[in-house]
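The structure is shown first.

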Amino acid sequence: MIRRAAALALIAALGALLLPLLLGYHPDEALNLTACYYAERTAADLGAANIVTAIVVTYRGLDTLGEVTVLFLSAAVVGLVLARGRTATTGGRPRLPAGELLTTGSRLLAPLIMLLGIYIFVNGHLTPGGGFQGGAVIASGVLLLLLAEPGRRLGHRVIALVESLSGLAYVAIGVAGLVYAGGFLDNRILPIGTLGELASAGAIPVIYSLIGLKVGAEFSSMLANLSETEEL
Amino acid sequence: MAHIALATGFLLFLIGLYGALTNRNLLRMIVAFTVADAGINVVIVAVGHMRGRTAPILDGAVPAAEAASRIIDPVPQALVLTAIVIGVGITALMLAYAYKLYEARRSLDIGKFMELKW
Amino acid sequence: MVSPLVLIAAPLAGAFLLGLVRCPRAALAVTLATLGLAAAAAGWWVWQLGWAGAEAVEVFTAGTPPPFAIALRMGLPEAALTLVITLTGLLSALHMQDNLAETGHRAMAVLLVAVMAYCGIVLTRDLFNLFVFFELAAIATAGLILLSADARALGAGFKYLVVSQVISALLLIGIIFTYHATGTLYLDGIAAAAAKPALAFFLVFIAIAAELKPFPANGWALDVYESSHPAFSALISAAAGAASLYAADKLLTVGGPAWLPAATAIGIVTFVAGNLLALPQGNDRRLLGYSSVAQIGLVLAVAGQRDVLGEHYHFVAFGLLASHAVAKAGLFWLSGMVAERGLAAWAALRARPPLIFAFATFVAMLAGLPPFPGFYAKWELVRVLAAEGRLVLLGLILFGALLEAGYLFRWFGFALKREPSGEGLACAPSKGIPVLAAVLAAWGLAWQWGDASAQANLLLGLPLLFALAFVLLDWLPAWVKNTLAIAGLAAWFALTLGQYDPLRLIFAVIMLAGGAVTLLASYHAHGRRIGFYPSAMLMYAGLAQLILAADTFSFFAAWEILTVGSYFLILRGRHSEPHALSYIVFSLGGAFLILAGFAVAADGAASFAVADLATLAAPVAPWVFLMLAIGFMTKTASIGLHVWLPGAHAEAETDVSPMVSGILLKAGLFGLAVLLLAMGRQKLGGIDLTLAMLWIGAASALLGNLMAIFQEDAKRLLAYSSIGQMGYALFGLAMMNHLGWLMALMFVINHYIYKSMLFLAVGGVAKRTGTRDMYRMGGLINLMPLSFISVLVGIIAMSGVPPLSGFGGRWIFYNALLTAESRLPMILIFFSGPIAFLYLFRLIHTIFLGQLKDEHRRVKEAPFWLMVPQMIYVVLLIAFALVPGVALRQVDGHLGGLLPAGGLSWDGLTITSDFGYWNPVAIMVIVGIIFTTLFLWLVFVNRRAQKVKQFNIVFAAERPFRPETTHFAWNFFAPYRKALGFLVQPVATGFWNGISGGLHAGADFTRRLYTGNAQTYAVHLLVFVVAVHLFMTGM
């Protein structure tokens, strides 16, 4: 009880500390310098209709590379944690097979879900969404498969291959920007095309697709690793 | 509007933090942290919001020339994406750790993992 | 042109590539190659920016200038830090290659990303990007913790994740509101913004500060350090620590001066608390963890002083940081070679002398001893702080540094003296190479900092180089090294002979020529005697440079060098571990006072001549005098500060005792002489400080002698007697008149000769009889006649009776007393003379006369090489007694110029003062006649005496429980003890033990704060945040 009261007091103190942020907040009337630059120049400079995507993939591309790396790292560490001290598990108890309905349904849905994911990241520079969202959708398809057929092992090799190749390609495109355009991760190594078309915005769709693949692979790898813990 | 969102975000953050400090169960702590993360994400998005403007996507409704006066600040939206992804990564990591800790001790009580101290 | 982006792109590409590599060895090769590439790139930038004159570059990503896209900067600080990070990464990877190969490609990928993230933290100029890199580093840390074999690492990793969640939440809130207020995330843009959001920036600042593991919000870090793989701990401590510090530095630049006091406060509290809490630690890695936390705190405190450090800021901060990084990484790598976790387990290192050298290097580097960068940095820091009047901070820094030296040297003592237990050393080349690299880096940095320093480069000093050469020559047999050492001392003396004034000449003769004579005794040692010569020559190097030092920097450097050298030397004794520790702690404490005194005196001047101390005026002068005097008196073991001496001198090896007693003590007297010559009498609060010194000298003489008479151990007796002798000399100097000084110098010479001689003689006897307790000896006169002669001559000289030189000393002394103003201390010192008789008498009586012990029937004379210097001393004593003028006349004249009144007149062989005359030769003749007459008469009256066999006395009782109590010489002066015992109660020892015990108890109590519970740690963090906020808004 004292513990909770103390925690409450501490949280209250922290709240009091943060309160001025809330009370002193005034929404901007106009875009600030940075945002204004993005609003005015994105279309002309990068050719991306979705400004957020332009920021995510290009202007703040280094963050995004880091973000992808965070997922890569998380997947790797989840793998590491779960592999630590693991003795070869001998299957555990036998499971009931999934019902016919579930299996068929999930096999029908999974490709559609993946297709949606691909659509989302390919169009990332035009519409809301992008590599992360698309990747997450793909991973949800994988999750569906995992849930519907728990006994099934995913192809770790395939996942690892997609993970590595998309990551390498991403870094390579970044370096290409350094060599052939204005700087690391500059999307103008490809023509920027016409605003609003699928094949526009230079390397952004390529990068976002790679991100989508990579994110999908990372999430799948994490999910697969976590699902295998069930056997204990 | 922005204040309501901000207040909600802060409140979620504080509730999450309180939960993380008082729940001794590892899984509850992790859930509490996701609540706190969600609160922060709400705060970030709320900071970018501007009354009467639209999403920062250029199309027929928002021509490039008028963008500066029609769209909301796109930067917080880009940041929140990163923040969410990082939050997901850390949550996954904590879950894996919790699982492994449970495996070692058959307990999810945070008080059971205090052999390193002083 | 190598783009700085290589540092980010290469490790990333390597990490992604690893997923494709199946074979663990190949994956390891990829990892090492990638890290090597990154290190080469960083090294190339260091070269370009530091030497080739390139300018710092700003790298734009996305082909867009900041603030619209993320920018990186590569300047010299960034290059240096990324070099540290990548090299630590490379060497740590090498060190833990087996674990990496076992765990597979994932772990290597995580390691690569960790290194990339640290580099990113250093390079980026964007606030949110900084956050991303910090998160990457956090997740990578959570992964790499798992490489440990320690099962508890899992718990530590979870605690770390909990805390880093809280930190990142605060950071994010801070970032978004900073962006909202300034409209940019570009650091330079935020710095330039008109309205700075104080609260938002506070959250950013406090989050980064929390990454630096500040006290008390650092329990998680200690658990991580304790349970992680040591190679990874090296990475966290050196690389992550450096990166986070640089992030904090960037924020301080952005935030401006208003944030500096908070940084200083957080830093210094962490520094002192970390070092204090390290005191009771028994686990090596946890100890290193506390030390890391403390060191990073110190650098943060320095970062908070950038406003006053100005152009020296980088020199100081990087000096401390480089010392920390190299030494800490090296120690963690060493810890990976030691099988067990107790501090004493490091005794296993003794199997490999190079590893001991590495350990010594790292300890000295961490403790900020010369010639390492920390030394130069500390000097500059203290100088600036003193000039700015930030004395509290200065005091806290020195106090923390002393604590740190205390536990580091205690640990080093364990490694050298404790018995190595069962499990040995993992000595694979992959573990040795990183340690070797760290040692090379340490010495390279020492050179670099000396070179960049505004002061002299210590590694250019010939004596120091000569001493260091013995490290490389340690494979030679001892007699070769001994010859080299003697030749070196003699050559240096001959080389510098012209540079001494008569006063310095006396000290030079004793320290250099006298040192060479003392070294003759070392020929008796066989084998290689690993470690002896580097230590001894280090001490002599310090002494040689001390006498020649003209400015305060070289004086202080020499002082520290001789202190370290003598510490290593003393530590060699069989039971000297605790005594060596108290020696180094007292010496460093004294040295820090000297440092502070010099700094206050210099008042900001870059270079300050020792002689310029004379130009100081009140109110500064008395304080400077006080600090310097106490510092020097620590070395002369004045009463109250003497507790280290008896053990250190008594437990030292036979030939070391004369060095540390006969020679080393003179360093303190030299310092006092220089100080008094320059500053003269000083008054503080109405008290004449020289008068206080007079009293201290008298008390030291009386109590030192008194304590000596109750000793059973012959070497301890001599050691206590040194306290008394130094008291005389101090008294003489403090009289501040001509005769007093002459007497002090006479004591300097005499004490060197007879104390060296007696220590050698007693040491020789102890070597042959196997004991130092006098009541276990007796009747050795026939078996060890030469030793008897030297002890006899020694005590005659020392007790100050005619005809030997001691009498000359006394004679000048009494003359001086008659001219002095203070009568009461004079009486004290007068009484200590007869007391000296009491203990000296025991030396000859108990050891050489009386009955021979049964077990000593076959004892032989002391080894030849121990006798050689003794015989030289006998000759010297007699010569000095006959013609004291040879040495003293010049000095007398020299003193005449400094302290005019009341000199002596030297007329042929007769010396005249205001109160009478002294003719040494006549006295010698007269005493000779009296002695011969008495001796002949005794022979005549005893001509019918009958010889009695030893064992015709019958003990008619059973053997008592403590047989020594029946020996007549045991507790010989019991009646005196009854009468005067209250004077020799170990008050000072009790006092210092109380302080040390109090510190330990306090630390032991405080560290219970770290309960080991993740939630408690999170609470600590939040309390820390709230407390700092209150502190800052309260300011």
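Which pattern does chain B follow when read along the sequence? Chain B follows the pattern α-α-α-α. The model discussed here is predicted.

## Chain B

Chain B contains 4 helices and 0 strands. Its C-alpha atoms fill a box of roughly 65 × 25 × 25 Å along the principal axes. The radius of gyration of chain B is 20 Å, whereas a compact globule of 118 residues would have one near 13 Å.

Of the 118 residues in chain B, 52% are buried. When contacts within chain B between residues at least 6 apart in sequence are considered, 59% of them join residues at least 24 apart.

## Contacts made with chain A

Chain B places 39 residues in contact with 46 residues of chain A. On the chain B side, the elements that give two or more residues are α1 (2–22), α3 (67–70) and α4 (74–105). Of these, α4(B) gives the most, with 17 residues. By class, the side of chain B that touches chain A has 28 nonpolar, 6 polar and 5 charged residues.

Chain C also meets chain A: 45 residues of chain C are in contact with 44 residues of chain A. At least two residues each are supplied to the chain C side by α1 (6–18), α5 (105–123), α6 (127–144), α9 (198–211) and α40 (1014–1034) of chain C. The largest share, 10 residues, comes from α6(C). The side of chain C that touches chain A divides into 32 nonpolar, 11 polar and 2 charged residues.

## Domains of chain C

The domain assignment of chain C gives domain 1 (256–460) and domain 2 (575–934). The C-alpha centres of these two domains of chain C lie 36 Å apart. Their contact takes 15 residues from domain 1 of chain C and 16 residues from domain 2 of chain C.

On the side of domain 1 that touches domain 2 in chain C, α17 (373–388) and α18 (391–417) each supply at least two residues. The greatest contribution to this side is that of α18(C), with 10 residues. By class, this side of domain 1 of chain C has 10 nonpolar, 2 polar and 3 charged residues.

## Backbone sites in chain C

Most residues other than glycine have a negative phi, and most peptide bonds are trans. The peptide bond from C:P66 to C:P67 is cis, with omega near 10°, and C:P67 is found in the loop between β1 (57–60) and β2 (71–74) of chain C. A cis peptide bond also runs from C:P370 to C:P371, with omega near 5°; C:P371 lies in the loop between α16 (353–366) and α17 of chain C.

C:A637, which is not a glycine, has a positive phi of about 55°. This residue is in the loop between α26 (620–635) and α27 (645–651) of chain C. C:A637 is buried because 29 other C-beta atoms lie within 10 Å. For C:M736, phi is near 60°, a positive value in a residue other than glycine. C:M736 is found in the loop between α30 (714–734) and α31 (738–769) of chain C, and counts as buried because it has 20 C-beta neighbours inside 10 Å.

## A tryptophan in helix α19

C:W443 is found in helix α19 (residues 429–452) of chain C. With 16 C-beta neighbours inside 10 Å, C:W443 counts as partly exposed. The C-alpha atoms of C:W443 and C:F372 are separated by 7.2 Å, although the two residues are 71 residues apart along the chain.

Notes
Residues are numbered from 1 along each chain as its sequence is written. Chains are lettered from A and ligands numbered from 1 in the order in which they are written. This is a predicted model: local features need pLDDT of at least 70, side-chain atom pairs count only at pLDDT 80 or more; totals for chains, interfaces and linings use all residues. Domain bounds come from an automatic or database domain assignment. Two residues are in contact if their C-beta atoms, placed from the backbone, lie within 7 Å. Ala, Val, Leu, Ile, Met, Phe, Trp, Tyr, Cys and Pro count as nonpolar, Asp, Glu, Lys and Arg as charged, and the others, Gly among them, as polar. The radius of gyration is taken over C-alpha atoms; the globule rule is 2.2 Å times the number of residues to the power 0.38. A residue is buried if 20 or more other C-beta atoms lie within 10 Å of its own, exposed if 12 or fewer, and partly exposed in between; C-beta atoms are placed from the backbone.
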